[in-house]
Every structure is written in C-alpha cells, then in structure tokens.
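Subject: Structure handover

Hello,

Here is the structure for your files.

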Amino acid sequence: MPEPIPLITLLTDFGLQDHYVGVMKGVIYQINPQARIVDICHNVRPQDILQAAFLLRVSYGYFPKRTLHVVVVDPEVGTSRRPILVSTESYYFIAPDNGVLSYIYQTGSVGEVREITASHYFLHPVSQTFHGRDVFAPVAAWLSRGVAPSSLGDLITDYKKFTIPVPTLVKEDILLGRILYIDRFGNLVSNITRKNFTEHLNKSPGKRFVIRIGDRNLTRICNSYTEGSEGELIAIFGSSDFLEFSINKGNAAKTLGLQIGAEVLCKVA
Amino acid sequence: MPEPIPLITLLTDFGLQDHYVGVMKGVIYQINPQARIVDICHNVRPQDILQAAFLLRVSYGYFPKRTLHVVVVDPEVGTSRRPILVSTESYYFIAPDNGVLSYIYQTGSVGEVREITASHYFLHPVSQTFHGRDVFAPVAAWLSRGVAPSSLGDLITDYKKFTIPVPTLVKEDILLGRILYIDRFGNLVSNITRKNFTEHLNKSPGKRFVIRIGDRNLTRICNSYTEGSEGELIAIFGSSDFLEFSINKGNAAKTLGLQIGAEVLCKVA
Amino acid sequence: MPEPIPLITLLTDFGLQDHYVGVMKGVIYQINPQARIVDICHNVRPQDILQAAFLLRVSYGYFPKRTLHVVVVDPEVGTSRRPILVSTESYYFIAPDNGVLSYIYQTGSVGEVREITASHYFLHPVSQTFHGRDVFAPVAAWLSRGVAPSSLGDLITDYKKFTIPVPTLVKEDILLGRILYIDRFGNLVSNITRKNFTEHLNKSPGKRFVIRIGDRNLTRICNSYTEGSEGELIAIFGSSDFLEFSINKGNAAKTLGLQIGAEVLCKVA
C-alpha cells in the first residue's frame with residue numbers, strides 16, 4: 001500500500017460565490033478526515049481550459065512532492081469524457097480528460113495516465129452537473145488515504161492534449177509571441193520564455209532589440225517594476241520566467257487595451 | 001463530556017475583501033488550536049437570509065457527521081435577536097435566530113434548539129456590529145473543544161422559521177415554480193425538485209410537457225449541458241436535484257435577463 | 001531552539017483570481033508540512049500599503065499568541081527595499097520594509113526589528129517580481145519550524161514608518177477625522193476612536209454634538225444598525241471601536257458617494 005498523500009490542491013472554475021468548493025472539501029473530509037487541502041485558484045474563467053492549464057503550469061511545482069493536484073474545469077461534465085489520473089515522478093493529477101493537463105504531458109515527466117473507472121469510489125447517485133463533488137473529490141480523498149492508483153482504472157495512451165502555443169519565428173528575425181495570461185494587477189504574461197528570448201537575441205550582433213506590444217515599442221528589459229517611472233510600460237521576466245509587460249503602479253492590460261492572445265513581436269536590431 | 005467536533009464550517013455574507021472571515025478564524029484557533037475550519041461560502045448577498053438558507057440546504061449534508069455549521073448572515077446584529085444552537089442527528093448549527101435555518105427545521109431531523117445565553121463563552125467586550133467574531137466564533141470554538149450544548153443555554157421552541165417557497169399548482173395542470181438561486185455560471189436554479197416534476201408529469205398520458213421560463217418554451221429535459229448546442233437554453237436536473245436552466249458555454253441568467261423569483265411554469269400536454 | 005510557531009497568517013494584495021496565494025502556501029508546506037495557515041485578506045487594493053496597515057491593525061490581535069503574520073503588499077518588489085522581521089511580546093510579523101507595519105510600531109510593544117538577510121532561507125533563483133513566493137513564504141515557513149529570529153539577520157532601527165492619520169482639532173471645538181476604510185457593506189470607517197470622541201464630547205456641557213459627513217448631519221450615535229430606519233444613515237462605534245457610518249440594509253459609501261479620505265467633522269454644541 002503506497003504512502004498517503006500529504007496534500008491535495010484544488011484548481012477550478014467554480015468561483016467563490018457559490019457553495020461548490022466548500023462542498024468538494026466536505027466530501028474529501030468525509031472520506032479522509034486527515035486530508036490537507038490547499039486552494040490554488042477557483043476563479044478560472046468559466047470553462048477556460050487553456051487558462052487552467054496555464055495556472056497549473058506555473059503552480060504545481062511549488063508544492064511538496066507527492067501532492068495530488070485536482071483540476072476541475074469541465075465543460076463536458078455529464079458526457080462520456082473520461083476522468084483521469086496522471087502520475088509523474090513527483091506529483092499526482094486528477095482531472096477531466098479534456099487537455100487541461102497538456103502542459104504536464106509536455107514536461108516529459110509523465111509516468112502513468114489512467115482512466116478512472118472504479119465507480120465504487122464515486123459519490124452516488126452521480127449527478128450530471130457536478131463531478132467535482134461526485135467523482136473528482138471522492139477519488140482524490142481515497143487516493144490521499146492510500147488507495148493504489150492501479151485500483152482506480154486501466155492505463156490509457158489516447159488521452160487528449162492540445163498544442164501549447166509557443167513563440168514562432170516570422171521573417172527570420174522577428175519572434176512572434178502571444179499574451180497567455182493577464183493577472184489581477186493587469187500584468188500581461190506572454191508565452192516568450194527567458195530562454196526563447198535569449199536565444200533569439202543572440203542573432204543580434206549588438207544584442208539590441210525592439211519589442212512591440214499593442215502600439216508600444218520597448219527597447220530594454222527591466223529588473224524590477226520600479227525601473228519604470230510611474231505610469232511607464234516596462235518589459236520584465238516574471239516569476240515563471242515568461243516575458244511580461246507591466247506598468248509601475250498601473251494596469252498594463254487596461255492601459256493598452258489588450259486581451260489574451262494579443263501579439264508580442266521581438267525584432268533584433 | 002461529548003466527543004470533540006471534527007470540523008467547523010463557515011457560511012457568511014462577510015465577503016472576502018475585508019478581514020472579517022480571517023478574524024473569525026483567529027478567534028476560533030485562539031480557543032481551539034486543533035480546530036479544522038472549512039469555508040462553505042462568504043459571498044452571500046449582504047443580509048440575504050433566504051440565499052444563505054438555500055446555500056446551507058445544498059451543502060450541509062456533504063460534510064462529516066458531527067460537523068458544526070456556523071451561519072452568520074445577521075441583519076439584526078446588535079439587537080436582542082437570539083443566537084441559537086440547533087442539533088440534528090448528524091450535525092450542529094450555530095446561527096442568529098432569524099430564519100436562516102428554516103430548511104434545516106423542515107427536514108424534520110432537528111433534535112434540540114437552544115438559545116445561546118452563556119455569555120462567559122463570548123469575546124468581551126461584545127461589539128454591536130460583529131457577533132461573528134464576538135459570539136458565533138468563540139461559541140463554535142468552545143463547542144468544538146467538547147463543551148456540552150446544554151451548557152450554552154436553555155431549550156426554546158419559539159425559534160423563527162420562514163416558509164420555504166415550494167411549487168404550487170395553478171389551474172390544475174400547471175406547476176408554478178420560482179427561481180431560487182443563480183450561480184456563478186448563470187445557471188438558474190428553480191425550487192422544482194425532480195420529485196415535484198415527476199409527480200406532475202404523471203398527469204400527462206403521453207408524459208409530454210412544456211416548461212416556460214422567461215420568454216422561452218422547453219419540451220425536454222437534458223442529461224448533460226452539452227446536449228444543448230452552443231448557446232441553446234436547456235433544462236436539466238442539477239446537482240441538488242432541482243430543475244435548473246442553463247446555456248451550454250453561456251450564461252442563462254444574463255441571456256434571459258432573469259432574476260431570483262422569476263416564474264417557471266410546467267404545463268403537461 | 002524556540003518553540004514552533006502555531007499559526008501563519010497571510011495578508012496580501014494578490015487577490016484570488018490568480019495562483020499567487022496558492023503558490024505561497026505550497027512553498028510554506030514544502031518547508032513545514034505541519035504549518036497551519038490562515039488567510040486574513042488578499043483583496044487589499046493593489047499596492048495600497050495604508051489599507052493593508054489598517055487591516056492588519058484590526059486583525060492581528062485576534063490570533064493566538066506567537067502567531068506569525070505575513071504581510072505582502074510590496075510596490076517596490078525587486079528593488080533593494082528590505083524584508084524585515086518584527087517581534088512583539090505576543091506576535092511575529094514578516095513584511096517588506098515599506099511602512100506597512102506602522103500601526104504595529106505605534107503600539108509600543110515592538111521588541112526587535114531585523115532585516116532578513118539570511119538568503120539561504122530563500123527560494124532560489126529569487127525572482128524580481130514575486131518575493132511573496134521566494135522570500136516571505138519560505139522565511140515564514142522556516143521560522144514556523146523553529147528557526148531563531150536572530151539567525152535571519154541583524155537588528156535595525158531605521159525601518160520605515162509613516163504617520164498614522166489621527167483626528168485633529170480645528171477651531172478648538174471641531175474634531176476633524178477622515179474615512180480610513182470602506183468595507184464590503186459600504187460601511188465608512190473613520191479614524192475617530194471611541195476614546196477620541198468621548199474626550200472631545202466632554203467639552204460640551206450638554207454632551208450634545210453634530211457630526212457632519214458628506215452632506216449629512218447626525219446628532220446621535222446608535223447602538224445597532226437597526227436603530228436606523230431602513231435607508232437611514234447612522235453613526236455607530238464599529239467592531240474596532242472606530243466611529244463608523246452605515247445605512248441599515250443599505251450601502252453608506254455608495255449612497256453618500258464618499259471615498260477613503262473623506263472628512264468627518266464632530267462639532268460639540
């Protein structure tokens with residue numbers, strides 16, 4: 001029997017205005033009174049699988065080894081889409097099989113992917129609209145008590161993944177990225193990593209560049225928000241090493257009027 | 001001395017933008033450092049007792065036996081309205097005596113109702129505006145440590161209840177329900193249960209029906225959100241077995257422009 | 001080796017729409033799996049140090065002795081502003097040295113203030129934008145495991161404080177206060193304490209007074225919200241003994257159209 005799971009995290013689009021998250025926790029504690037639960041975030045935009053995948057990507061690695069991450073963003077709840085359990089060397093993940101774990105698959109560290117079919121671990125009757133309560137929470141709780149992954153269902157290989165949008169090269173010398181995420185502060189997080197940028201910059205003899213975002217051009221990367229004067233747009237490598245755009249004491253997304261998907265162009269000079 | 005309480009839940013209208021919920025937890029931990037606390041929801045609309053009663057109704061049963069549910073939606077804080085402790089076979093409830101436990105009384109499982117008068121368990125001086133901190137949290141904490149309910153105050157029978165709005169029969173063949181709750185996704189939750197609906201439907205020889213909500217007519221009940229095409233309004237039995245109205249990948253409440261209290265008419269054909 | 005810390009609280013401007021708070025907790029649990037964490041509030045207005053200071057002021061004292069309060073509102077993250085550890089007789093505080101602990105300094109109970117320089121306790125590489133994760137969370141976790149404050153860095157005396165706005169006397173008989181805080185219910189919390197008011201009132205032979213806020217005049221202080229009729233503006237001493245302005249079943253801030261900083265004038269008659 002495997003060691004019990006130390007921690008369960010929850011990442012959902014349930015919001016905090018209803019009872020959904022509280023009820024999931026109630027179900028977990030009913031099964032495992034010793035469970036420890038941490039909220040990663042419940043304000044994923046309704047049914048936005050890509051946003052949830054991104055939030056998981058920048059969060060999961062900061063938790064103790066053997067943490068079980070439960071992700072419930074599930075537009076197809078009530079259909080035949082499968083609940084799955086994914087094991088990597090360091091973590092477990094439970095989610096609907098809708099691509100929300102695509103970043104995890106991409107890490108190359110995935111060991112097993114199982115379809116969860118052991119319905120005797122579900123809460124019955126299973127509703128058509130709230131598998132967070134009836135499927136994902138109870139399975140997470142049983143797993144956290146030490147139930148073996150192999151007893152939850154068989155291995156599968158045809159799980160869904162979507163292609164993570166990565167920066168592309170345009171006209172040889174322009175790196176084209178996209179805004180992936182906008183946070184509470186209005187910081188615009190692109191999909192251009194420090195590594196992407198550095199490799200691209202190596203194409204410029206003088207290491208000079210212009211970054212175009214919205215209607216602005218930037219020619220340097222700052223080391224802190226305060227390097228910009230108040231109200232100035234700056235580029236900075238954020239806490240997950242993505243190139244971000246921020247305004248010191250302001251809101252870059254609102255000021256520039258940009259949305260997720262907006263283009264970022266890095267041109268070496 | 002009774003067994004300690006395993007879990008305390010909190011359901012309030014305090015929101016999460018202030019310190020109120022955090023302070024209640026501090027008070028609980030000061031008295032019972034081993035307490036385990038779960039948030040059901042803190043975003044009840046300010047002073048909306050009916051909404052809190054509904055959220056409690058669809059949540060309380062998913063928690064471990066002997067959980068203590070603390071409900072603080074309290075428009076009359078600072079007056080002589082009584083704090084009460086209600087015990088059922090499986091749970092404890094602490095709340096102001098303002099009807100917020102009406103659904104619980106309706107279950108028929110209520111054993112004792114006590115007025116909480118043992119003010120030596122309160123935090124002193126008791127403020128006029130924050131009994132969540134000064135009355136409900138400390139009493140919950142002491143109870144969770146094993147203080148006997150009987151030591152908190154005497155039994156009462158004249159506690160407040162309001163009549164839960166139930167569907168009514170109009171013109172013999174029309175069942176008239178109301179929207180009770182609207183969730184984050186814009187799902188419209190009515191007070192028509194699966195049982196209400198099934199019994200009503202038995203009046204139709206062909207089991208055919210029309211459901212009217214807002215300006216729409218529906219003639220079937222779906223088994224999952226995705227049975228509707230994108231943007232289509234559907235009827236479905238939700239996670240608490242109430243008839244709900246949803247739009248696949250949309251927001252039914254916004255699209256139909258409906259509020260709590262809106263009529264739902266089920267006519268057999 | 002000192003006794004372990006029983007509880008860690010978090011007070012930030014990170015909001016709940018992103019992963020920031022969840023990640024801080026993950027980091028804490030990685031270092032101290034036995035940590036107990038309570039959220040005071042994460043919805044401080046972005047970078048509003050004064051608001052965070054106020055929320056800490058009305059919260060910290062309700063937690064168990066030896067609680068470690070972690071405050072992360074940090075407009076200068078990534079610069080040379082110092083992380084500090086403050087010890088009082090009853091509590092610990094970790095925060096950026098930007099004045100957010102000014103109310104704590106004012107209590108006169110501060111024992112030690114240390115600059116946190118022991119970077120081997122940080123999460124490496126330390127990002128330029130998220131010291132909540134890389135500096136404050138791990139240091140809090142190590143401290144909660146029993147690491148001695150003295151091992152975190154040297155004592156300092158030149159920490160930043162700002163002057164807490166206090167009521168002032170205008171024209172001898174008028175006490176001029178300011179709105180410090182507006183809560184979820186629209187209650188307007190002034191910086192006039194019960195003590196300030198009582199002392200001022202002693203100047204009136206008949207103990208009569210007029211309080212002016214916005215375009216309204218009030219001549220009494222109520223003992224509960226419900227002493228006002230529905231929609232009436234009332235003055236009341238709130239849960240932290242500040243003079244507050246509320247509307248029974250209404251929102252005083254919206255009705256009066258007032259913001260933080262608005263004047264409150266108390267004139268004895």
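How much space lies in the largest cavity? About 320 Å³. This is a predicted model, in which local features need pLDDT of at least 70 and side-chain atom pairs count only at pLDDT 80 or more, while totals for chains, interfaces and linings use all residues. Residues are numbered from 1 along each chain as its sequence is written, chains are lettered from A and ligands numbered from 1 in written order, and side-chain values use heavy atoms, without hydrogens and water.

Cavities

On a 1 Å grid over the protein atoms alone, a cavity is a set of points where a 1.4 Å probe fits but cannot get out, and lining residues have an atom within 4 Å of a point. Points are joined across faces, edges and corners, and a volume is the space filled by probe spheres set on them. The count comes to 5 cavities of 30 Å³ or more. The largest cavity is lined by 24 residues, of which Phe185(A), Asn187(A), Tyr225(A), Val77(C) and Thr129(C) are the closest to its centre. S13(A) supplies the largest share of that lining, 3 residues. Helices (H or I, at least four residues) and strands (E, at least two) are DSSP runs, numbered from the N terminus.

Pocket

A pocket is an open set of grid points with protein on both sides within 12 Å along at least five of seven lines. The largest pocket has a volume of about 1000 Å³. Among its 49 lining residues, Asp39(A), Lys25(B), Asp39(B), Lys25(C) and Asp39(C) are the closest to the centre. Helix H1 (20-31) and strand S2 (37-41) of chain B are among the elements that each supply at least two residues of this lining.

Interface of chains A and C

Here 33 residues of chain A are in contact (heavy atoms within 4.5 Å) with 34 residues of chain C. The buried area (accessible area, 1.4 Å probe, lost on putting two parts together, summed over both) is about 2700 Å², with 54% from carbon and sulfur atoms. Tyr62(A), Arg184(A) and Phe185(A) supply 26% of what chain A buries against chain C, more than any other three residues.

Regards
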